[in-house]
Amino acid sequence: MVEIHCHACGGFISEPERISYLLPSNIKTAAAPHSAFCMCARPVVYGPPPGYVSSSGMEMPDHPKA
Ligand SMILES: [Zn+2]
């Protein structure tokens with residue numbers, strides 16, 4: 001299982017379906033990840049959302065490596 005940390009507060013995101021994905025072009029300053037839970041109303045992750053197909057032709061697998 002992949003741990004996802006909120007880039008706004010650095011907390012661990014327990015509800016991935018609530019993540020707001022931002023593309024790298026929108027990155028400002030990412031908080032350092034820590035072990036506490038993210039308490040943001042809308043957790044922020046810098047990166048393409050699952051299923052995002054980049055213009056390079058590379059497709060992300062639906063199932064990340066275990
Ligand atoms: Zn957060």
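Gly 47 is placed in the segment after strand 2 (44–46), strands being DSSP runs of E of at least two residues and helices runs of H or I of at least four, both numbered from the N terminus. The model is a predicted one, in which local features need pLDDT of at least 70 and side-chain atom pairs count only at pLDDT 80 or more, whereas totals for chains, interfaces and linings use all residues. Residue numbers start from 1 along each chain as its sequence is written. Gly 47 is partly exposed because 14 other C-beta atoms lie within 10 Å; by this criterion, with C-beta atoms placed from the backbone, a residue is buried at 20 or more other C-beta atoms within 10 Å of its own, exposed at 12 or fewer, and partly exposed in between. Tyr 21, 26 residues away from Gly 47 in sequence, has its C-alpha atom 6.1 Å from that of Gly 47.

Tyr 46 belongs to strand 2. Tyr 46 has 15 C-beta neighbours inside 10 Å and therefore counts as partly exposed. A C-alpha separation of 9.3 Å was computed between Tyr 46 and Lys 28, which are 18 residues apart along the chain.

Of its 66 residues, 14% are buried. Among contacts (C-beta atoms, placed from the backbone, within 7 Å), those between residues 24 or more positions apart represent 56% of the contacts with a separation of 6 or more.

The largest nonpolar core consists of 5 residues, namely Cys 6, Ile 13, Ile 19, Cys 38 and Val 44. Such a core is a set of buried Ala, Val, Leu, Ile, Met, Phe, Trp, Tyr and Cys residues joined through C-beta atoms within 7 Å. In soluble globular proteins, nonpolar side chains tend to be buried together. When residues up to four places away in sequence are not counted, Cys 6 touches Gly 11, Ile 13, Cys 38, Cys 40, Pro 43, Val 44 and Val 45.

Ile 13 is located in the segment before strand 1 (20–22) and is buried because 20 other C-beta atoms lie within 10 Å. With neighbours within four places in sequence left aside, the contacts of Ile 13 are Ile 4, His 5, Cys 6, Ile 19, Cys 38 and Pro 43. The C-alpha atoms of Ile 13 and Glu 3, 10 residues apart in sequence, are 7.6 Å apart in space.

His 7 also occurs in the segment before strand 1. This residue is buried, since 26 other C-beta atoms are found within 10 Å. Apart from residues up to four places away in sequence, His 7 touches Ala 30, Ala 31, Val 44, Val 45 and Tyr 46. Thr 29, 22 residues from His 7 along the chain, lies at a C-alpha separation of 8.0 Å from His 7.

Methods
Contact = placed C-beta atoms within 7 Å.
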